[in-house]
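This report describes the packing, the chain contacts and the strand arrangement of the structure shown below.

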Amino acid sequence: MRNRLLPFAIVIAAFTAAPVIAVMSAHAADTGLTVQQPWARPGAEGQVGVVYLTVIDTGAPDRLVGARSPVATDVQLHESTKEGTVMKMRPIEGAAVAPGQPLVLKPGSYHIMLMGLKQTLKEGDTVPVTLLFEKAGAVETQATVRREPPPQ
Amino acid sequence: MPTTTDPKPPRESGAPSPPRLAIVGVLVALVLLVGGAAMLLTGHGRDGPTVGGPFTLVNGDGKTVTDRDFRGKFVLVYFGYTFCPDVCPTTLNEVADAMDKLGPAAARVQPVFITVDPRRDTPPVVKQYTAAFTPKLVGLTGTQEQIAQVAKEYRVYYAEHRTGPGPNDYSMDHSSVLYLMGPDGTFIEPIRADGTAADIATALQKAVS
């Protein structure tokens, strides 16, 4: 009889956990940080990928200091800069965000680099990304894979 | 013996003094630099092979490809590397979209990606990378020497920048310019790599029509 009860237990556990998870993601919103239009480029397994997004801050000033994603072996914050016609890409320690000063990650500027993709990212796929902030801690988001930036 | 009013001690006639030599050297370098930049920007490359030249590289299938294989087509050349997740895909996406916008004229244009990171960008890596943008895009790699040679011909700057101790912990600084070459292999004009697909398509349309 115990085995028959197991599925019920799992269902009950799932229903109990769901609100907890919901509260956890709502907690991120309590920090005043909102992630807008997260998107990633298509990329082949073993190659590199990229995630762009905008962070809006309605709370205290904070700093994006890192990111994680299960689709990559390593994730780094980078900045592209242009000197004349020469493009350079450098890892950065972090990037500030504050009320009225959104943090914009976009092509040719700040971006999250996905090193060593564990899977091929195709248009329409969703990439889970955890943003790590100095004060707010982890903020979860889901980036949609697309070829072009989302319309503003 | 010295008839000049030069207060300096006499020296062998005919040989300029070292400081003068240095000044002449700097002036020559400046003229070359400014002249080269002016030619690149004004498209005076039509008058001579200022950008581009013969190359021997390897395509995504590991087959040898030379500049002569593209004769008869307008060639749009871009130098980049596959570990570049940001700038290179932005440009190559716009190139792919520009090709779509060209319509039938696209058949006369061959977009080519040449890596400046041959160590990581082996033929299969380049093939996988270019295929993601458009099947029309040809990706080329080669030995360090072959890449150095073609980059020199195209006046492309590239340099490795270490970001950590690991073998793959580096990015490549590189010139980001689209070079439009004519069907005879001569340089026509540079096209901005940060332009939109419409900008690139307009430039291509003008050249092929």
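## Basis of the description

Two strands are said to pair if DSSP finds at least two bridges between them. The model discussed here is predicted.

## Strand E5 of chain B and its neighbours

Strand E5 of chain B comprises residues 138–141. Strand E1(B) (residues 56–59) pairs with E5(B) in the antiparallel sense over two bridges, and Asn59(B) stands opposite Leu140(B). Strand E4(B) (residues 109–115) runs parallel to E5(B) and is joined to E5(B) by three bridges. In this pairing, Phe113(B) stands opposite Gly139(B).

The side chains of E5(B) are divided between two directions: Val138(B) and Leu140(B) point one way, whereas Gly139(B) and Thr141(B) point the other way. All four positions are buried.

## The crossover through helix H3 of chain B

Between E4(B) and E5(B) the chain passes through helix H3(B) (residues 123–131), forming a right-handed β-α-β crossover. The buried residues of H3(B) are Val125(B), Val126(B), Tyr129(B) and Thr130(B). These residues lie on the same side of H3(B), because they cover an arc of only 120 degrees around the axis. An α-helix has 3.6 residues a turn, so residues three or four places apart point the same way. The buried residues of H3(B) pack against strands E4 and E5 of chain B.

## Contacts between chains A and B

In the model, 20 residues of chain A are in contact with 22 residues of chain B. On the chain A side, the elements giving two or more residues are strands E2(A) (49–57), E5(A) (86–91) and E8(A) (110–117). E5(A) gives the most, with five residues. By residue class, this side of chain A divides into 10 nonpolar, six polar and four charged residues.

Strand pairing also links the chains: E5(A) and strand E7(B) (residues 170–175) pair in the antiparallel sense over two bridges. Val86(A) stands opposite Ser175(B) in E7(B).

## The largest nonpolar core

The largest nonpolar core has 82 residues, and those with the most contacts inside it are Val51(A), Ile112(A) and Leu114(A). Its largest share, seven residues, comes from helix H2(B) (residues 87–102).

Which residues does Leu114(A) touch, not counting residues up to four places away in sequence? They are Val48(A), Gly49(A), Val50(A), Val51(A), Ser69(A), Val71(A), Ala72(A) and Val75(A).

Technical notes: Residues are numbered from 1 along each chain as its sequence is written. Chains are lettered from A and ligands numbered from 1 in the order in which they are written. This is a predicted model: local features need pLDDT of at least 70, side-chain atom pairs count only at pLDDT 80 or more; totals for chains, interfaces and linings use all residues. A nonpolar core is a set of buried Ala, Val, Leu, Ile, Met, Phe, Trp, Tyr and Cys residues joined through C-beta atoms within 7 Å. A residue is buried if 20 or more other C-beta atoms lie within 10 Å of its own, exposed if 12 or fewer, and partly exposed in between; C-beta atoms are placed from the backbone. Two residues are in contact if their C-beta atoms, placed from the backbone, lie within 7 Å. Ala, Val, Leu, Ile, Met, Phe, Trp, Tyr, Cys and Pro count as nonpolar, Asp, Glu, Lys and Arg as charged, and the others, Gly among them, as polar. A crossover is right-handed if, with the strands pointing away from the viewer, the path from the first strand over the helix to the second runs clockwise. The arc is that of the directions from the helix axis to the C-beta atoms.
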